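Subject: Structure handover

Hi,

Here is the structure I promised to pass on. Please open it first, then read the notes below it.

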Amino acid sequence: MQVAPSETSALNNYVPELRQQLFHYVLQLADTSLILGHRLSEWCGHGPVLEQDLAMANIALDLLGETRSLYQYAAELEGKGGTEDDLAFLRIATEYRNPLLVEQPNGDFAATVARQFLFDNFHYHFLRELHASTDERLAAIAEKAVKEAAYHLKWTSEWLIRLGDGTEESRQRLDQALASLWRYSGELTTPTATEKALQAAGIIPDYAGLLPKMEAHLNHVFQEATVPVPQGVFMMTGGKEGRHSEHLGYILAELQYMQRTYPGMKW
Amino acid sequence: METVEINLEEQFQARIDADISIEPKDWMPDAYRKTLIRQISQHAHSELVGMLPEGNWITRAPSLKRKSILLSKVQDEAGHGLYLYSAAETLGTTRDQMLADLHSGKAKYSSIFNYPTLSWADMGTVGWLVDGAAILNQVPLCRTSYGPYARAMVRVCKEESFHQRQGFEIMQTLCEGTPVQKEMAQEALNRWWWPTLMMFGPKDADSPNTAQSMNWRIKRFTNDELRQKFVDMMVPQAEFLGLTVPDPALKWNETKQGYDFGDVNWEEFWNVVKGNGMCNKDRLGARVKAHEEGAWVREAALAHAKKRAERAEAA
């Protein structure tokens, strides 16, 4: 997906500090969809049924499209003449800013669905608000991505219900997945210092405003799935500031292998 | 009874000869039905198994653009599998049955997917050569006598030719790149050239079903005819790329206006077909594993659908 570059002058409207914060934040969004898309793409050819193999590849592809628009924008914000590929392939794990949730392993299909649902529920509601961003470029990217996110959320919501209200085994697997992944869900709506600054500047939505809508959708889906909403779980954070789990290093080793082995070439 | 049967066969052949497509509810000889089920399901299985060698490079693609293209291609292949399973089901089999035959090793898939993808250049070569060979096989199938198969192939061919161009473009980028990239492209061509020639199947002399399939217009060209077309089409493309086709016997033949080329290693071909290729066990193993580990997901979907239906009825 390509979003037309905004006027250079628009970028210059930001004071250097805000521009730097925006750069880091756009990277955070790009890293998030890249890493989650990477995880989903690992399913390729290994899904439980051909239709779902297709659906997961489809979602991965949407996320990758969003990733590219965001990295392209980040490269412009950085203003060093870098490309989307430099940002994806030449940064190390502690420079990656994705939340911990999206780097978690696929596990079984229930774990993948649970991870995806927790993310999609945030992503969709977030993009709806980001659409109103004072930053035109982010607003345009959100306008395209929200249509895709609506589809993703529908898919994961339906599967969460099928697994929760399916067989005893599917229910157990979903319970297990939620028990291990829930602790990563809070980071999505816990703002970092960068996010707080951008929220104050009206560039990104205040997460407090998203919470009621996210909760309402989650409660509805969990109720249909007959799954209780986990309570009192300690929430892990750090990914958005570069403090990751041990999983990310392996993802990057694989993701970046070609660019690291054959630097500076065109593919 | 005998007379009626003969009349049906004659009428059937007359329709075939007049190029009128055969549709699911039409009478057809049992052997025609069986041949088509075998061929279409084998074709569907090839799409499914064919996701694996390319899927192997999605997480390692060298740029985000290439990664997108590859993901989208593999997604198309899953879609082709779906069309083809549907086409085969119009002949009275089921996807479950076809998959069971694949998993037990009874049904085959294209021998090419038993070769490993060892470098990024393999993504270019597979697109350029393997999809190129598939297109030569498949374009005539757009006019095959069985309507649902022909219509599936029209859709498949449109996407397939797009993939093939993308594959060629990967090769072109490598060949116009650094010496290391060019070497990567040549090395991949060296490994894939002969296996691709094998995709057209055994020599006509060793292909006993060809005559019947041609009479029924399931097949429109023989294996050797298609293999010759392929070589004639690909050699100039390899030359354009500045790559060498790994066949010392390859030579332009002015009289036949085509290339003479060396003989395929048929011993290797039959070994791969029999399950002794580099990846046969891994490919089938991955499919069986996905199916078995996905059983509880499919059961959950069925159980939930049943509960929903019951609730709807009770309400």
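Burial in chain A first: of its 267 residues, 58% count as buried. Keep in mind that this is a predicted model.

The surface of chain A comes next.

Now the fold of chain A. Its secondary structure comes to 12 helices and 0 strands. Read from the N terminus, the elements run α-α-α-α-α-α-α-α-α-α-α-α. The radius of gyration is 18 Å, close to the 18 Å that the globule rule gives for 267 residues, so chain A is as compact as a globular protein of that length. Along the principal axes, its C-alpha atoms fill a box of roughly 55 × 45 × 30 Å.

Contacts in chain A: take those with a separation of 6 or more. Residues 24 or more positions apart account for 81% of them.

One helix pair in chain B is also worth a look. Helix α11 of chain B covers residues 280–293, and helix α12 of chain B covers residues 295–314. The two pack at an angle of about 35°. Their axes are 4 Å apart.

Which residues meet there, between α11(B) and α12(B)? From α11(B) come B:His291, B:Glu292 and B:Glu293. From α12(B) come B:Ala295, B:Trp296 and B:Arg298. The residues of this contact divide into 2 nonpolar, 1 polar and 3 charged.

Best regards

Methods
Residues numbered from 1 in each chain as written. Chains lettered and ligands numbered in written order. Predicted model: local features only at pLDDT ≥ 70, side-chain atom pairs only at ≥ 80, totals over all residues. Heavy atoms only, no water. Axes fitted to C-alpha atoms, helices over the stretch in contact; angles between N-to-C directions. Contact = heavy atoms within 4.5 Å. Nonpolar A, V, L, I, M, F, W, Y, C, P; charged D, E, K, R; others polar. Rg over C-alpha atoms; globule rule 2.2 N^0.38 Å. Buried < 20%, exposed > 50% of the residue type's maximum accessible area, 1.4 Å probe, protein only.
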